[in-house]
Amino acid sequence: MKKQTQEILKECLLHEKEGLDFYREAASRVTRERSRRALETLIAEEQGHIESLFSRYSGEEIGDVRSFLALPPHIESPLIKALETGLDPEIASRRVMELAMRLEEENRDTYRSLAAACNDPEIRTVYEKLARDEDRHYQIVESEYAHMMAMVHETDIDTYVRE
Ligand SMILES: [Fe+2]
Ligand SMILES: [Fe+2]
């Protein structure tokens with residue numbers, strides 16, 4: 001049982017790291033200041049998730065939290081691959097937010113299921129907190145996406161009025 005909990009924590013850590021790398025990369029792709037700030041908030045929070053999970057993790061094969069956070073992104077990460085390069089900045093920003101919404105929804109659902117299946121009250125509390133955080137992250141990204149789309153829409157209207 002103990003080993004299984006540790007195995008799950010390790011999987012969560014690897015997954016959180018992939019999300020963190022995605023946000024680090026994504027922050028360099030967006031052009032709007034507002035979007036970058038939202039992504040920077042998420043970077044800090046995902047880092048907090050890693051620290052929180054790490055403090056309950058007793059395995060040694062992924063080193064200490066500092067070196068883990070400093071690892072380069074996994075080259076085969078489907079999330080980072082999906083970002084692509086050379087996209088029009090407008091499309092790139094939209095892609096970032098769409099991928100982020102999907103990621104946060106999946107994370108929220110994963111932590112909810114883990115919490116429901118967890119017998120250890122302390123770890124369950126951790127999963128529940130992470131589920132709430134990921135849900136809040138979803139809201140942050142969704143609101144940024146809505147703002148972005150509204151701006152695009154307004155630009156269209158301006159163009160229309162001018163013509
Ligand atoms: Fe997270
Ligand atoms: Fe998140």
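**Close-up views of a predicted model**

**View 1. Helix 5, from residue 89 to residue 117.** In this predicted model, helix 5 runs through 29 residues and reaches 42 Å from its first C-alpha to its last, close to the 42 Å expected at 1.5 Å a residue. Look along helix 5 for its buried residues: Ser 93, Val 96, Met 97, Ala 100, Leu 103, Glu 104, Asn 107, Tyr 111 and Leu 114.

**View 2. The largest nonpolar core.** Here we meet a core of 19 residues, in which Tyr 23, Ala 26, Leu 39 and Ala 100 touch the most other members. Helix 1 (2-27), helix 2 (33-54) and helix 5 each give two or more residues to this core, and the largest share, seven residues, comes from helix 1. Zoom in on Ala 100: setting aside neighbours within four places in sequence, its contacts are Ala 26 and Val 141. Another core lies apart from this one; it has six residues, including Val 126, Tyr 127, Leu 130 and Ala 131. In soluble globular proteins, nonpolar side chains tend to be buried together.

**View 3. Glu 84, in the loop between helix 4 (78-83) and helix 5**. Although Glu 84 is not a glycine, it has a positive phi of about 60 degrees.

**View 4. The annotated domain, residues 7-142.** An unreviewed UniProt entry annotates this stretch as "domain: Rubrerythrin diiron-binding". Within the model, residues 7-142 are 78% helix and 0% strand, and the end C-alpha atoms of this span lie 32 Å apart.

How values were computed. Residues are numbered from 1 along each chain as its sequence is written. Chains are lettered from A and ligands numbered from 1 in the order in which they are written. This is a predicted model: local features need pLDDT of at least 70, side-chain atom pairs count only at pLDDT 80 or more; totals for chains, interfaces and linings use all residues. UniProt positions are given in the numbering used here, feature names are shortened, and annotations may be inferred rather than shown by experiment. Helices (H or I, at least four residues) and strands (E, at least two) are DSSP runs, numbered from the N terminus. The expected span of a helix is 1.5 Å times one less than its number of residues. A residue is buried if 20 or more other C-beta atoms lie within 10 Å of its own, exposed if 12 or fewer, and partly exposed in between; C-beta atoms are placed from the backbone. A nonpolar core is a set of buried Ala, Val, Leu, Ile, Met, Phe, Trp, Tyr and Cys residues joined through C-beta atoms within 7 Å. Two residues are in contact if their C-beta atoms, placed from the backbone, lie within 7 Å.
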